[in-house]
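Here are my notes on the model you sent over. Have it open while you read, and work through the points in order.

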Amino acid sequence: MGFCSPVFKFLRRGKYFVLLLLSLSVLAWIATFKGEMVKSFQVSSAPTQTLVKGDSLREKFSSFTAATIRLSTPPPKADCPLESPLLQGALQLTFESSLKLKDVESENKGVSEGEYEPSDCTARQNVAILIPHRSRERHLLYLLHHLHPFLQRQQIHYAIYVIQQAGDATFNRAKLLNVGYMEALKDYSWDCFIFHDVDLVPENDHNLYICDKQPKHLVVGRNATGYKLHYKGYFGGVSAMTREQFLQVNGFSNTYWGWGGEDDDLRKRIELQKMKIMRPPADIARYTMVFHKRDSGNEINKDRMKLLGRTQQVWRKDGLNSCSYKTLSLERMPLYVNVTVDIGKPQS
Ligand code: UDH
Ligand code: MN
């Protein structure tokens with residue numbers, strides 16, 4: 001029997017066949033292993049993968065990672081309700097002489113650098129509160145104490161800016177508020193601005209610190225005036241205008257030094273634009289003014305009537321577009337942004 005017998009040929013082919021089978025299973029094993037490798041790599045870098053249509057492993061994988069991502073990022077917040085469920089109505093205001101800034105800070109842990117936004121819903125407006133200020137620290141403390149919880153109950157996204165007039169030149173409330181508007185807009189594109197005297201504390205949280213289709217005056221009454229409107233057309237104390245409304249009237253005039261007239265000037269600008277001032281109901285728009293005397297450096301402005309006679313001629317070139325000032329410092333305190341400015345002095 002020679003080497004080329006049929007039995008030998010069969011054995012030789014069988015050997016190749018076994019070899020072939022062996023190498024195929026090795027290849028299959030490598031392929032599975034590689035699959036596992038790819039899979040575990042994709043787990044860690046999944047967000048950047050591209051999905052090839054028809055690749056079912058990747059498709060499955062991508063829905064798995066999408067679910068994982070959804071779990072780790074919070075779901076989008078719903079808009080806050082039209083009326084906040086946290087409102088309390090008329091409030092019992094207190095003015096304790098023992099109150100300290102530290103107390104007010106620890107009462108308002110949710111406020112950071114003067115800013116707050118509701119955690120469980122998206123606020124309907126973003127509001128900057130602007131407070132013109134010089135040497136009224138006690139009033140500021142009382143206002144912060146009441147205003148922070150008041151605004152939080154209204155579910156507003158807000159920040160408080162205190163604009164301090166540096167030096168002892170005559171006070172200019174209106175120019176400080178123009179500065180506040182411009183400085184606040186460097187931080188965020190606020191929808192609405194509240195121009196707020198430091199000594200006026202709102203008595204009812206249904207008096208909403210949000211803007212409307214028309215400029216809004218929030219102080220219908222105050223304790224000192226028997227809760228009656230000061231006079232027809234009064235637009236002082238606390239008022240609210242949208243970013244656009246304020247820009248449309250070119251802001252406040254910069255030329256009112258000392259007490260009075262600047263708020264009437266703003267009303268005239270509003271009327272020239274055919275806008276109409278709105279007010280909340282009298283039983284809601286109530287304020288307590290912390291008692292004070294006239295400040296030195298804020299004497300009655302004897303020129304105010306003369307200036308008011310010129311509003312129509314000058315409003316286009318006297319206002320936001322002509323407001324020059326120098327920011328001396330901007331400090332982000334826990335409860336407010338403190339902007340100290342040199343606004344110059346009256347031209348004589
Ligand atoms: N302001 C200061 N410091 C000043 C002057 C004014 O912070 O030295 C600010 C503060 O925000 C104040 C606002 O400007 O609330 C308006 O000034 P004001 O409170 O003096 O004006 P008001 O009309 O009083 O309330 C005027 C004089 C009150 C005399 C009272 C006599 N019974
Ligand atoms: Mn006052």
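1. Let's start with the metal. The manganese ion (ligand 2) is held by Asp199 through OD and by His292 through NE2, at 2.2 to 2.3 Å. Donors here are N, O and S atoms within 2.8 Å of the metal (3.2 Å for Na, K and Ca), and water is not among the atoms, so sites may look incomplete. Asp199 sits in the loop between strand 4 and strand 5 and His292 in the loop between strand 9 and helix 8, so the pair ties together parts that are 93 residues apart in sequence. Asp199 is buried, at 4% relative accessibility, while His292 is partly exposed, with a relative accessible area of 25%. The cut-offs are under 20% relative accessible area for buried, over 50% for exposed and partly exposed in between (1.4 Å probe, protein chains only).

2. A word on the basis. This is a predicted model, in which local features need pLDDT of at least 70 and side-chain atom pairs count only at pLDDT 80 or more, while totals for chains, interfaces and linings use all residues. Residues are numbered from 1 along each chain as its sequence is written, chains are lettered from A and ligands numbered from 1 in the order in which they are written, and side-chain values use heavy atoms, with hydrogens and water left out.

3. Now the overall picture. The protein has 9 helices and 11 strands; these are DSSP runs numbered from the N terminus, with helices (H or I) of at least four residues and strands (E) of at least two. Of its 348 residues, 44% count as buried. Among contacts (heavy atoms within 4.5 Å) between residues at least 6 apart in sequence, 79% join residues at least 24 apart.

4. Which residues lie nearest the centre of the largest pocket? They are Arg136, Asp197, Trp259, His292 and Asn298, out of 34 lining residues. Strand 2 (126-133), helix 7 (262-272) and helix 8 (304-308) are the elements that give two or more residues to this lining. Its volume is about 840 Å³, and its lining divides into 9 nonpolar, 12 polar and 13 charged residues. For the classes, Ala, Val, Leu, Ile, Met, Phe, Trp, Tyr, Cys and Pro count as nonpolar, Asp, Glu, Lys and Arg as charged, and the others, Gly among them, as polar. A pocket is an open set of points on a 1 Å grid over the protein atoms alone, where a 1.4 Å probe fits, with protein on both sides within 12 Å along at least five of seven lines; lining residues have an atom within 4 Å of a point. Points are joined across faces, edges and corners, and a volume is the space filled by probe spheres set on them.

5. The second largest pocket holds about 570 Å³ of space. Its lining has 24 residues, with Asn254, Thr255, Tyr256, Trp257 and Gln347 nearest the centre. Helix 8 and helix 9 (311-314) each give two or more residues to this lining.

6. On to the packing. The largest nonpolar core has 36 residues, and Ile129, Leu151, Ile160, Ile194 and Tyr209 touch the most other members. Such a core is a set of buried Ala, Val, Leu, Ile, Met, Phe, Trp, Tyr and Cys residues joined through side-chain atoms within 4.5 Å. Helix 4 gives the most to this core, with 8 residues. Leaving out residues up to four places away in sequence, Leu151 touches Ile129, Ile156, Tyr158, Ile160 and Tyr209. A second, separate core of 30 residues includes Phe195, Val249, Met275 and Ile343.

7. Is helix 7 mostly covered or mostly uncovered? It is mostly covered, with 8 of its 11 residues buried; among them are Glu262, Asp263, Asp264, Asp265, Arg267 and Arg269. The buried residues pack against helix 5 (173-187), strand 8, helix 6 (243-248), helix 8 and helix 9.

8. Glu113 lies in the loop between helix 3 (101-107) and strand 1 (115-116) and is partly exposed, at 43% relative accessibility.
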